[in-house]
Amino acid sequence: MAVIIDNDVVDALADELLGPHDKSAPPAEWGHTVREYLAGAPGLDQWQTPLLTLDRGRLDANRDLMAEWTATAGVSLAPHGKTTMAPQLWREQLVAGSWGITLATAWQAQLARSFGVGRIMLANTLIDPVGLAWAAAESARHPDFELYCWADGVATVELMDKILRETVAGPRVRVLVELGGPHGRTGARTRAEAHAVAAAIGASERLSLAGVAGYEGALAHDRSTEGVAAVRGYLRELAALHTELVAAGAYSGPAVVTAGGSAYPELVVDELAGLAGVSTTVVLRSGAYLVHDDGFYAGISPLAAPATEPGLRSAMHGWARVVSRPEPELALLDGGKRDFPFDEGLPVPQLVLGGTLPPNAVVTALNDQHTFLRMPGADLGDLPVGSVVRLGLSHPCTAFDKWRRIPVIDDADTTDPRVVDLIRTYF
């Protein structure tokens, strides 16, 4: 099946009007369409601070690098769309060859379907009655639509079956058995438990066993020997489960084996790529690679630059203005927790537009609308009120959800960036 997205619906986003609901957008452009605004080759300096931007060149490079890397490895890619919740970026990923789009909730899947996404990996259990009924009805209306969801317990399968038996008849819902690990997140904790889940799916008249799934990122958070060993051990269990299900004849058709692949993509490939073949598709659900970051993923991904060249580079930046210098070694910026991610590390000051960043400058705290920038040894003249600081950010998943519309600029390293696109998000 050719994975599709409705280009007309995505293109129509350019006809939306800018307004006060678009955080930090220039008031002079309120009432103009996105298309009209972009036609004027606008500068970033028209926008207010605080601000989040994307870098066009880095987005393109990251997208193409991951597409080539997965193709060379012999695996497929279904980027986790919850990272951006941006259909414009999903389209770019699909055009670049992605197998499908991964999402986390029924509503997210419904949003993706409204933009015509034809293959969705719902990396979660689907037992909400309204959401499951929608999935069944949508599959009945559109036989070409492929939706995959997960189950990690027999009780879950029984509940899904009960809900579906009370809905209109339709094709079987594709379900992957989720295998977890000790102290992990969801997922059957042993292969024996996973086999029981698979058997329950096979016994249902409304469900179809479509593969095995899991998330290795819940088992480690670093590149320590212990962390890597935990991830490898888990992935081997996932591979063994799939191999056993194949041997038992549990699948009635082609199967999918899927793991995360954002922090440990090379480990997923090492342990799972060998399963790929005519009857098995191995799918990575990497979500962060397109935007990458200057924090957690920059430190853990084996594909990050400069360790790998060319490598993934952060395509997102925060911009905040100095609004107060109450002490010689302290500057307060006008962005905070409402604007920038902070759950996987605080923002990192990188440069000052039209000025010089004091040495040893570091962000020490964020309030809702303020950033504390400490500058040991600085004086009040080093970073005057009104200066604009570019911030490196960590964790794109908690950056995008704070912005309804995000400017894409031609180059974040220039002194006069131009806005070349506006990305609409749905959170």
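Q: How many bridges join strand β8 (residues 255-259) to β9, and in which sense do the two strands run?

A: Two strands are said to pair if DSSP finds at least two bridges between them. Here 5 bridges join β8 to β9, and these strands run parallel. Strand and helix labels refer to DSSP runs numbered from the N terminus, where a helix is H or I with at least four residues and a strand is E with at least two. The model is predicted: local features need pLDDT of at least 70, side-chain atom pairs count only at pLDDT 80 or more, and totals for chains, interfaces and linings use all residues. Residues are numbered from 1 along each chain as its sequence is written, and side-chain values use heavy atoms, with hydrogens and water left out.

Q: Which residue of β9 stands opposite Thr258?

A: Thr258 stands opposite Val283. Val283 is also the bridge partner of Ser76. Strand β2 (residues 76-77) pairs with β9 in the parallel sense, over 2 bridges.

Q: Which elements make a β-α-β unit with β9, and of what hand is the unit?

A: A crossover is right-handed if, with the strands pointing away from the viewer, the path from the first strand over the helix to the second runs clockwise. In this model, β8, helix α10 (residues 265-272) and β9 make a right-handed unit.

Q: Why is strand β9 described as largely enclosed by the rest of the structure?

A: Buried means under 20% relative accessible area, exposed means over 50%, and partly exposed lies in between (1.4 Å probe, protein chains only). In β9 (residues 280-284), 4 of the 5 residues are buried, so the strand is largely enclosed.

Q: Where does His395 lie, and is it buried or exposed?

A: His395 is in the loop between β15 (388-392) and β16 (405-409). His395 counts as buried, at 12% relative accessibility. Its phi is positive, about 80°, although His395 is not a glycine.
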